[in-house]
Amino acid sequence: MLRSTLTPMLTAFPSKAKKPRNYSNTIITAITNPPQPVRQNASMENMLLQQHTPTSAYLHLPFCRKRCHYCDFPIVALGSSSPYGDDDPRIINYIDFLCREIKATSIPSEYKSPLETVFFGGGTPSLVPPRLVSLVMETLDAKFGVCSDAEVSIEMDPGTFDAEKLKDLMKLGVNRVSLGVQAFQEELLRSCGRAHGVQEIHEAIDIVGSCGVENWSVDLISSLPHQKPHMWEQSLSLTIQAKPTHVSVYDLQVEQDTKFASLYTAGEFPLPSENQAADFYRMASEMLRDAGYEHYEISSYCKSGYQCKHNYTYWINKPFYAFGLGSASYLNGLRFSRPRKLKDYMGYVQNLENGLVNCSQDSKVDAQDIAMDVVMLSLRTARGLDLKSFGKAFGSSTILSLCEVYKPHIESGHVVCLDEQRREISPEEFSSLLSEGNKINEVLACIRLSDPDGFLLSNELISIAFNVLAP
């Protein structure tokens, strides 16, 4: 499945947003009338121009106490106890380069909108002293402007902050906290190399509550080594009891060059099997929805009105700035990744200041890439793929081809069709519309994946769409 939400966009897209895990075999349906490859047209260009002003910024703060066994993100391990306290020269030097990158970034004159969302991801951003976070916020405000009601999120790990630090961050404008819990069992936390324990989790939850943070999230990871169903159920139950406004549930991915990769093979003991991992996902979907959380994105749940506005920028394929080690921005339909190694990143910033960096890399927007991005990201969400706007941008014949290949999956219930009033179209009605050719373009407004079974097959279902878009 995936491991994303959210620390977003660290390397080449989709970076942390991993493609969903394969849970079962799916029939790849033949296309009756194979379409021509998607080509750029005026509608697609207009679509990009209409949303060309970014209003979101991601800031990567890479510092951690130590590297977790599953982590392949660009980080800087500081050690369990720093002799420098709040004056660690490694952090101070990095923040200086981060602010220099922001200042040196060339902004077209038409980019006039202030930032509506800011996301500090990592790493463990809560290791950075508030006075240094303040420098970054001031630099952002001077460069772009920051809306007075902007959503400002920060990732925080248990054991890395107290009430005083959180209150100081709140004074800077931080109004959303993402708490990296991952599990509520000591043995699981130890097995994945987390630096905190269960007691620190409960203390962190109490601190968030006592400081009056209204908008906060809990991150959990399923499919950890030796994780049993009753453990996962306990983690979900304790999360629900804590009453966060948002929950992110990530399925463990065993990445190359991590400690887990040297110890384990995906799907083999002590990691859960594919079927067990699917059961974990179904359990999360059922328990969280029963507790009043909306499953608005494949790995994200929220109380009404508490979607992560910043992350939703990614899911609807809007442009965004990104700054810092390994981060990837999305501007004018192009994604640009910064170096993942600290020395290389510092050299990149110096080159940027000297006018030696072309973030567009002289690349031309590729219609197929845009179309595939839109499909992949849209099908991650409960809202699904808007076929009306997609058809205008990429052609009505593409919509017809998607409908043809998805027909068996609509009949099986893994893909759901909706009209413009969000009314669900039955498989029988869909088949009738499809037989009438263009009639389907008139009635069908949206397709989405069912929850949870469609989401569990999202990797295969998205791949089927890719075969249509880039045959």
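This is a dialogue on how to read some features of a predicted model.

Biologist: Where do I start? How many helices and strands does the chain have?

Modeller: The secondary structure comes to 18 helices and 17 strands. The chain has 471 residues, and buried residues make up 57% of them.

Biologist: Now helix packing. How are two packed helices described?

Modeller: By the angle between their axes and the distance between the axes. The crossing of H2 and H11 is left-handed.

Biologist: Which residues make the contact of H2 with H11?

Modeller: From H2 come Asn93, Tyr94, Phe97, Leu98, Arg100, Glu101 and Ala104. H11 brings residues including Leu342, Tyr345, Met346 and Tyr348. By class, the residues of the H2 and H11 contact are 10 nonpolar, 2 polar and 3 charged.

Biologist: What about helix H14 and helix H15, at what angle do they cross?

Modeller: Helix H14 (residues 396–411) and helix H15 (residues 427–435) cross at roughly 155°. Their axes come within 11 Å. An angle over 145 degrees counts as roughly antiparallel, so H14 is roughly antiparallel to H15. H14 passes H15 in a left-handed crossing.

Biologist: Which residues in H14 and H15 meet?

Modeller: In H14, they are Leu400, Cys403, Glu404, Lys407, Ile410 and Glu411. They meet Pro427, Phe430, Ser431 and Leu434 in H15. The contact of H14 with H15 has 6 nonpolar, 1 polar and 3 charged residues.

Biologist: Which residues of H3 are buried, and what do they pack against?

Modeller: The buried residues of H3 are Pro130, Leu132, Val133, Ser134, Val136, Met137, Thr139 and Leu140. They pack against strand S1 (56–60), H2, strand S4 (115–121), strand S5 (146–156), helix H4 (163–171) and strand S11 (321–323). Look past the end of the helix too. H3 is followed by Gly145, whose phi is positive, near 85°.

Biologist: And H18, how far does that helix reach?

Modeller: Helix H18 (residues 458–469) has 12 residues and reaches 16 Å from its first C-alpha to its last. That is close to the 16 Å expected. Now look at burial. In H18, 10 of the 12 residues are buried, so the helix is largely enclosed by the rest of the structure. Among them are Leu461, Ile462, Ile464 and Phe466.

Biologist: What covers the buried residues of H18?

Modeller: The cover includes helix H12 (367–378), helix H13 (387–394), H14, strand S15 (415–418), strand S17 (446–449) and helix H17 (453–456).

Biologist: Positive phi next. Where does Ser223 lie, and is it buried or exposed?

Modeller: Ser223 lies in the loop between strand S7 (215–222) and helix H7 (229–242). Its phi is near 70°, a positive value in a residue other than glycine. Ser223 is buried, with a relative accessible area of 2%.

Biologist: Is Lys243 buried or exposed?

Modeller: Lys243 counts as exposed, at 66% relative accessibility. It has a positive phi of about 60° although it is not a glycine. Lys243 is in the loop between H7 and strand S8 (246–251).

Biologist: One last residue. Where is Cys192, and what is it in contact with?

Modeller: Cys192 is in the loop between helix H5 (186–191) and helix H6 (198–210). It counts as buried, at 0% relative accessibility. Leave aside neighbours within four places in sequence: Cys192 is in contact with Cys68, His69, Tyr70, Leu224 and Phe260.

How values were computed. Residues numbered from 1 in each chain as written. Predicted model: local features only at pLDDT ≥ 70, side-chain atom pairs only at ≥ 80, totals over all residues. Heavy atoms only, no water. Left-handed = near helix turned anticlockwise from the far one by under 90°. Helix = DSSP H or I, 4+ residues; strand = E, 2+ residues; numbered from the N terminus. Contact = heavy atoms within 4.5 Å. Nonpolar A, V, L, I, M, F, W, Y, C, P; charged D, E, K, R; others polar. Axes fitted to C-alpha atoms, helices over the stretch in contact; angles between N-to-C directions. Parallel < 35°, antiparallel > 145°, perpendicular 65-115°, else oblique. Expected span 1.5 Å × (residues − 1). Buried < 20%, exposed > 50% of the residue type's maximum accessible area, 1.4 Å probe, protein only.
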